[in-house]
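Dear colleague,

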Amino acid sequence: LGHKNQVIRTHHNIPDDRSLQNKYPSLTTVSQHDVDALVFVAMGPAATSPVLGWSIQSAVQTGEWDGDVYIITDRPESVKYSVDDDSSEARYLLPENTHIVYHPFETSPFDGHTFKARLTKCQLLSILPDSLNHILYIDGDIMIGKPIAPFLHDVVRVWHENDNSMSMGLFEDCKSFTADFSSDCDTWNTGVMSLRRGKSDDCLNAWCEALQREGGSDQSALDS
């Protein structure tokens with residue numbers, strides 16, 4: 001996790017609830033619900049892709065997430081169809097507490113569903129309900145392979161340690177890595193993002209401006 005001015009490397013020795021509360025008195029019981037929702041973006045054909053369903057299923061079943069899930073899409077009927085149609089493999093993968101948010105794509109000098117998804121990612125907090133203060137965005141092709149609670153403990157800890165200087169939680173985008181070593185980690189990967197209302201807004205707005213001005217990948221616009 002990190003932000004533009006400081007790199008924060010996370011580890012797997014996650015403290016339990018009691019040690020977190022002792023270190024940060026303002027932090028009450030830590031649970032996965034310190035994150036209000038998991039958020040996915042499905043623009044164009046991605047709305048009917050079974051991969052999106054598998055990604056959400058991995059968060060719910062393997063990741064043991066039982067909170068709200070939001071899908072932002074320009075094709076809500078396609079998402080609904082993929083969930084309800086008896087012939088669709090994806091129909092049973094989405095949990096009951098899934099919310100589908102319609103977001104029509106605005107005009108832009110750049111075209112294509114991929115760019116739609118990129119631009120939607122930097123607008124997440126303005127698209128989602130105001131009641132969502134802390135969200136975890138996940139690319140729809142990411143599969144979660146272990147319970148998500150320890151990771152969310154780490155996310156909460158990093159925010160509380162860097163609350164005055166941190167605007168977004170991101171992974172470093174490394175050119176090479178192994179189990180215990182990585183190199184050339186000089187950019188940010190936007191496939192998983194921890195965003196907080198009132199903290200991330202300015203950075204997201206600047207990111208949107210760079211995307212609309214320059215196009216390109218979401219990572220390169222964020223690093224600009």
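The notes that follow go through the fold, the salt bridges and the nonpolar cores.

This is a predicted model, in which local features need pLDDT of at least 70 and side-chain atom pairs count only at pLDDT 80 or more, while totals for chains, interfaces and linings use all residues. Residues are numbered from 1 along each chain as its sequence is written, and side-chain values use heavy atoms, with hydrogens and water left out.

The secondary structure comprises eight helices and ten strands, taken as DSSP runs (H or I, at least four residues, for helices; E, at least two, for strands) and numbered from the N terminus. Of the 224 residues, 46% are buried, where buried means under 20% relative accessible area, exposed over 50% and partly exposed in between (1.4 Å probe, protein chains only). The protein exposes about 11,600 Å², with carbon and sulfur atoms supplying 48% of that area, as computed by the Shrake-Rupley method with a 1.4 Å probe. Among contacts (heavy atoms within 4.5 Å) with a separation of 6 or more, 75% are between residues 24 or more positions apart.

Six strands form an open sheet of mixed pairing in the order E5-E4-E3-E6-E10-E7, two strands being paired if DSSP finds at least two bridges between them. Strand E5 (98–102) and strand E7 (168–173) are the edge strands, each pairing on one side only, and the twist averages 25° from one strand to the next. Within the sheet, E3 (residues 37–42) and E6 (residues 134–138) pair in the parallel sense over three bridges, and Leu-38 stands opposite Leu-136 in E6. Helix H2 (residues 50–62) packs on the sheet, where it touches E3 and strand E4 (68–73), and its direction makes about 170° with that of E3; axes here are lines fitted to C-alpha atoms, for helices over the stretch in contact, and angles run from 0 to 180 degrees between N-to-C directions.

The structure holds five salt bridges, each defined as a side-chain nitrogen of Lys or Arg within 4 Å of a carboxyl oxygen of Asp or Glu. One of them joins Lys-116 and Asp-74 at 3.4 Å, N to O, and links helix H4 (residues 113–121) to the loop between E4 and helix H3 (76–84), the two residues being 42 residues apart; Lys-116 and Asp-74 are both buried. Another joins Asp-130 and Arg-197 at 3.8 Å, N to O. Because Asp-130 lies in the loop between helix H5 (124–127) and E6, and Arg-197 in the loop between strand E10 (187–196) and helix H7 (201–214), this pair ties together parts that are 67 residues apart in sequence. Asp-130 is exposed, at 62% relative accessible area, whereas Arg-197 is partly exposed at 23%. In helix H6 (residues 149–161), Arg-157 and Asp-154 lie three residues apart and meet at 2.2 Å, N to O; together with Glu-161 they are linked in a network of salt bridges.

The largest nonpolar core has 27 residues, of which Ile-72, Leu-124, Leu-128, Ile-135, Met-168 and Met-193 touch the most other members; a core is a set of buried Ala, Val, Leu, Ile, Met, Phe, Trp, Tyr and Cys residues joined through side-chain atoms within 4.5 Å. The largest share of this core, five residues, comes from H7. A second, separate core of 19 residues includes Phe-40, Ile-144, Ile-148 and Leu-152.

With best regards
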